[in-house]
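Have the sequence and the model open side by side as you read.

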Amino acid sequence: MEYYLQLIVNGLVVGGIYSLVALGFVIIYKATKVVNFAQGELVMVGAYICFALTVQLHIPFIWAFLITLVFSVLLGLAIERMILRPLIGEEHISVIMVTVGMSSVLKSLVQLFWGTQIKVYPQVLPSEPIMIAGLPVAPVYIAAFALSAVLFAIFSVFFKYSRTGIAMRATAFDQQAAQSMGIGIKNIFAMSWCIACVVSAVGGVILGNINGINSHIGHLGLKVFPAVILGGLDSLLGAALGGLIIGVLENVCDGAARQLLGLGGFREVAAFIILVVILMIKPYGLFGTKEIERV
Amino acid sequence: MQGKCGLFFTSYRGEAQIFPSGFQKTMVGLFLAALCLLPLTLGTHMISIMNLIFISVIGAVSLNLLTGVCGQISLGHGAFIGVGAYAAGQCSLHGVPFPLAILTGGLITAMVGMVFGVPSLRLKGIYLAIATLAAQLVLEYVFLHGGALTGGSNGLLLEPPKIFGFSFDTEMRMYFLLFTFAAASLIMVSNIMRSKYGRAFVSIRDFYLSAEIVGVNLFWYKLIAFGVSSFLAGVAGGLWGHYTGYISAEQFNIGLSISYLAMIIIGGLGSVIGSVFGAVFIVLLPEVLNMLANVLNAFIPDIAQYIVALREGVFGLVLILFLIFEPEGLAHRWRLVKAYWKLYPFAH
């Protein structure tokens, strides 16, 4: 029993990071209808920038973190302006493939600068585990979870009350109507890429603090798909819940497969088997908007 | 179809030919003859590159039938090719003759492809892409943990193919075998595209609701598209497995699916000749990079390792540039070139 409780707690932590990455994905999809296959690579870039600032340039962690966020904003602007804007109005497959191309460019740049070895962040939080309900949990996990929760709260408020947030929601709902009301669509697109890059970078920094980073953490981006499909491609709440649920399910399935069937590495596919089941039963997820088409 | 200047059709049959003019037939004949003579003049390394191109042509044209013609995005094509490789490999290992093994591999892949194609009735566009992504990752896991069936992480070792006792054990012999298969696949897909099935696929791609209203059975035709496409993918996989003599799970990862998608995008979606262009381009890209690295290495030491590290990035960059500047692919450029020469030097 304790084994499974531990699995659930670990799953929640990983799920928190999935939620953050999924949040970036959903924000881009909601505003621009672009499916971003490079979400994991955005996480990776954020993690490496923060690593370079703290370890190689010896900047205090907090400042390094803030500079990483600024860098992410610039990266988001650059990506939107240079790569995505020429493709407005193109077919699904073209837009998907341009993000795929972007992901391999980002990945190879990171490998060029930092190699493929695992890099470890300096310890920011104490390593003494804290006991929660009889289970030892590392403080960095708790901080990670809290940070994700805070970011979600901030973005919920942002989308609900701020002018920009409302403009973004209007754009998502009907681009033409939003444009005719004087909303600058292009700015909204740029803004959504910036936000997506920022939340992904935060996810990357958290991940770096937990496990260290290597150039394969881009794979995390693939785990986002089950999470957002479960939650619904265009729902913030869905992204949050989907990430947590997938994180927990994946961890529990992996643990169960290891214990009961003796299968290793089940973690890699558990989420995708869940994904296929969700797609069959409820293709638009828990909170996604149903696409209704009429002739 | 637009004919040559002064080429007028008096029957539908004449217009529906693959090569409508005598000039085209002659040129294609000459090209095929040149391809038959080519290996006699090339070194082993160049022939092996040609062999990889032939295999990629089969894979690319099959994916183009599904994604370019029928509009069903598949991110699982690499895994389907893997299914074909393992299925044909297992047949060969159990003593089935080579042609039959390839055929069985194709049929098994067709069945697997159709199973993963079933969700296509409910899912469209991006949702289908993600469903096929799931298929890719699940199949990859099966390859790696398939026990005796897939050899697990050890993979399978295969003998060179044999037809009636004639062993295709050199690059040159494989060249002609793969050339035959590639040409047959191209003819097959060209013919499918101008048949009732091809027109139904195009109508589904263009607008599925109108297609259904004019009487196209969406489920049946989408399933057929998945089936035929996976069949050819399986053939490509079977040939690849027998050609390299070794099958392992890493060969059929998501990167392979993506490079096949890149081939059809760079070549031109929905175009048979585009699949060929794309396959040639993507297979040659790393070779050209290697050559470039060797040349530059003489002037700037250590640059080779950077270029090799950047290989994946160059691939991504090429893909991005193509999508931005040449979204219709090389096939479109080819049409423009042909149109230019058609009227040259009098543009009227």
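B:Lys196 sits over the face of B:Tyr197, 5.9 Å from the ring centre. Keep in mind that this is a predicted model.

**Aromatic pairs**
- Over all chains, the whole structure holds 27 aromatic pairs.
- One of them joins B:Phe143 and B:Phe252 edge-to-face, at 6.0 Å centre to centre and with 70° between the planes.
- This pair links distant parts of the chain, 109 residues apart: B:Phe143 belongs to helix H6 (residues 125-144) of chain B, while B:Phe252 lies in the loop between strand E4 (246-247) and helix H11 (254-267) of chain B.
- B:Phe143 and B:Phe252 are both buried.
- B:Phe207 and B:Tyr208 also form an edge-to-face pair, with 5.7 Å centre to centre and 80° between the planes.
- B:Phe207 is partly exposed because its relative accessible area is 33%, whereas B:Tyr208 counts as buried at 17% relative accessibility.
- One aromatic cluster is formed by B:Phe54, B:Tyr175, B:Phe176 and B:Phe179.

**A nonpolar surface patch**
- A nonpolar surface patch of about 570 Å² includes A:Ile273, A:Met280, B:Leu121 and B:Phe219 among its residues.
- Helix H11 (residues 267-281) of chain A gives the most to this patch, with 4 residues.
- A:Met280 is placed in helix H11 of chain A, and A:Met280 counts as partly exposed at 36% relative accessibility.

**A buried threonine**
- A:Thr68 is part of helix H3 (residues 61-84) of chain A.
- With 0% relative accessibility, A:Thr68 counts as buried.
- Beyond its neighbours within four places in sequence, A:Thr68 contacts A:Gly46, A:Ile49, A:Cys50, A:Leu53 and A:Ala201.

Notes:
Residues numbered from 1 in each chain as written. Chains lettered and ligands numbered in written order. Predicted model: local features only at pLDDT ≥ 70, side-chain atom pairs only at ≥ 80, totals over all residues. Heavy atoms only, no water. Patch = residues over 30% accessible without salt bridge, like charges linked within 9 Å, V, L, I, M, F, W, Y side chains within 5 Å. Areas by Shrake-Rupley, 256 points an atom, 1.4 Å probe, with all protein chains shown as cover. Salt bridge = Lys/Arg side-chain N within 4 Å of Asp/Glu carboxyl O. Helix = DSSP H or I, 4+ residues; strand = E, 2+ residues; numbered from the N terminus. Buried < 20%, exposed > 50% of the residue type's maximum accessible area, 1.4 Å probe, protein only. Contact = heavy atoms within 4.5 Å. Phe/Tyr/Trp six-rings, centres within 6.5 Å; stacked < 30°, edge-to-face > 60°. Lys NZ or Arg CZ within 6 Å of the ring centre and 35° of its normal.
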